[in-house]
Every structure is written in structure tokens, then in C-alpha cells.
Amino acid sequence: ITMSPHSCSTSGCTLDHHHNHDSQNDSLNTLKRFLDNLFLSHQKSTHGSSSFSPSQKADLMHYFQDLLDNKTEKNESDDDEHEVLSHKNCLVGHTQIIEYLKSQVPPPYDPSQQTQHRFPSSSLSFDSYTPTNTVEVDAYLYSDDQIDQFVDDGLLSRWYCLDCKSRNVKYLNMISHSMGSEDLHALIQTINQYLGCEKKKSVLIDVGSRLGGVMWEAFFSLKHVDTIIGIEIEDKYVKLQRDVINKFGFNKKGQKKHIDIVHDDVLNQKDLFERFKERYIVLFHNVFEWFVNDDEAHQSAWRKMRQFLSRKGTIIVSCPPLKQSLKDAHMKNSDAFVDSWVKETFVMQLDEGDGENMDDSGAVAFYEVK
């Protein structure tokens, strides 16, 4: 990851982990001495026939150790008054959500899953992708290991035949319109690093929120953001997102963070980008590349987004980078269009493929509106 010059590493913004660790050890030593004295006193008072066994004392020590661990973890991660979950807990949360979504969405080897997506009509990056040589596998739901297992079980193929019944075969293109959970975590942590030590509140909007992976990860681990909004046009994905919100309690009463779902085309949502006083962070992941009808619609969509996202300081996160997206749409003077609108601050590379046949469009660019 090429980091932004905005990243802050001043000592005033760095948590003193050694101090927290020493304080924890002091607390545990004090507790151990207290329990030793309590144990001895109880033995004396019961003339050596205490029902308070050494194993029970050990259990108490473990209990208080867990309490101190949880308190330390919360203090170290809660600098913006939110309890940001550890990476381990994020993965547990994602695992539960993913298993639920898998029960609601047909697997990638189901023929119905391969007839629903559109293909770019004329794109420099995807001009060779067709229904014949392309299969869609959602990276948020299925890891590379799980795809390998589908192949081993004969449920999914990585190859297609160029000449029927011959050995002249070629890799299938595997596409995903979602990021995997590890990539999502890397992206959100990069946003945290990008914001650095700022205490300024922001609103996060995920354009084309699909299965909601960005929103769940942002809820788990994004700092300085209370409002998370997903914009999704397809009915089935809106329903799934709302089901997850209700089932897993994302919008429980009293929580500072909350998630809103906007069921609409983003091109109709100008008011949304004017509603909040906080800074906007807006994510685009292959939004227009695969889901508009032609080059003219693709170009028009970005022109409209430029009108919507005109507030200075707005952060735009785009995969693919804006210039690549507009070149794919064959926009004339696309570089000048981007440069007059935003300043690119840095680019990170996500591991979105296995290097053989998975779509490797993992460059994510960060911009600020001028």
C-alpha cells in the first residue's frame, strides 16, 4: 500500500501500549495477592477443609484476566468513543453474516447465478468478457479455497473449451462485484490510516452496496463515522441488506453508529449528498463499468457524480481508479476531466485474484475534491 502524506504518526496520537500492558500486569499481580490471602484466610477459618479449591482460584484469575483484556482492548481502540472491534471479532462477525447470506443466495455453480449480470458493451478492461468465457463468483461469500473445493467436487469449472471436445481449452474469467472480507478489512483500515488523527466526523456512502460487505466492515471497524449509507438499486439486494440489519442487530436502540439503506439509483440522489454537514466518504466499486448500458451512459453517470460530489474535501474511493474507468468509457479528455475535479492522494492494491483467472482489477484510488 502506498500511503498518503496525510497519515499522522505523531506521539500525541499514538496509544501507549506498553503503559497499558504494565498497568494490566500491576492489576493482575494485585489481584493474585488478594486471592492468595483470601484463599489462606478461608483455609484457616475452615480448619483446612475449604471448599474453595486451587482450581476455583485459577478460574477466578482467568475470569478477571479476560475482563482486563477486554477493558484494555476497548481503551486502546476506542479513541473516538466507539468500541471498534478487533480484527478477530470482525472476521467472526463477517463469518456469521456470510453463512446467513449463503443460505439466501444460490451458489455460483447454480445456472441461475450466471444469467443475471450484464457485460460492458465496450470497455478496454473487459472487452473480451462474454457469457461464454466468464463466471461470476462473489468474493465476499466465497474464498479462493472454497472455489478450489467447488472445482475439485466437479461443481464449478475454471476452464472452457475453445473447440468442442478438443484439448484446446482456456481459463474462464472469474469476476466478482464484491470484495472479500480480508480486502474489505484492509480497505477500511486504510481509510482509518488516511484519516489519521483527525477527530472530524464523516458520513460513509457505499454506492452499489450489493450484499453490504462494506457497510458491515465499516460498522465493525471504521472510526469517526456514525452514519453508514448503502445505495442499492436491485430489490433482492436491498431486501438481503435489511434482513441482515434486523437479524444481526446493527441498528439497535442506543447505538451511536447506524446503517441506512437507500433503495434507488444513485443518479437520482443529489439531495443525499447535500443532506449532511459532515464530510462525505464515497465508495465506488465497479459501479458503472458493469451496470450501465453503453459508453454514453457511463460518461454521463460520472458527469452527474461530479455535480453531486462538488463539496471541497469530499473523499472519493474508487475501484478502478477514475481515469481508468473513464478511459474504459472512451471519454475524450478524461484525464483533464478528473484532474480538474479531484486530487489523487494515493493508490492501494488489493489482492482480488489468484493471478491466473480471477479478475485482477484491485487498484483502489483515493481522491479529495478540490
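What percentage of the contacts in the chain between residues at least 6 apart in sequence join residues at least 24 apart?

## Overall picture

The figure is 74%, counted among contacts between residues at least 6 apart in sequence. This is a predicted model, and its chain holds 10 helices and 11 strands.

Of the 370 residues in the chain, 45% count as buried. The chain exposes about 19,500 Å², and carbon and sulfur atoms supply 50% of that area.

## A cis peptide bond

Most residues other than glycine have a negative phi, and most peptide bonds are trans. Against that background, the bond that joins C319 and P320 is a cis peptide bond, with an omega of about 5 degrees. P320 lies in the loop that runs between β9, which spans 315–319, and α9, which spans 322–328.

## Two residues with positive phi

R210 is not a glycine, yet it has a positive phi of about 50 degrees. This residue is found in the loop between β5 (202–207) and α6 (213–221). R210 has a relative accessible area of 9%, and because buried means under 20%, R210 is buried.

H224 is likewise not a glycine, although its phi is positive at about 65 degrees. H224 is found in the loop between α6 and β6, the latter covering 225–232. With a relative accessibility of 4%, H224 counts as buried.

Methods: Residues numbered from 1 in each chain as written. Predicted model: local features only at pLDDT ≥ 70, side-chain atom pairs only at ≥ 80, totals over all residues. Heavy atoms only, no water. Helix = DSSP H or I, 4+ residues; strand = E, 2+ residues; numbered from the N terminus. Buried < 20%, exposed > 50% of the residue type's maximum accessible area, 1.4 Å probe, protein only. Contact = heavy atoms within 4.5 Å. Areas by Shrake-Rupley, 256 points an atom, 1.4 Å probe, with all protein chains shown as cover.
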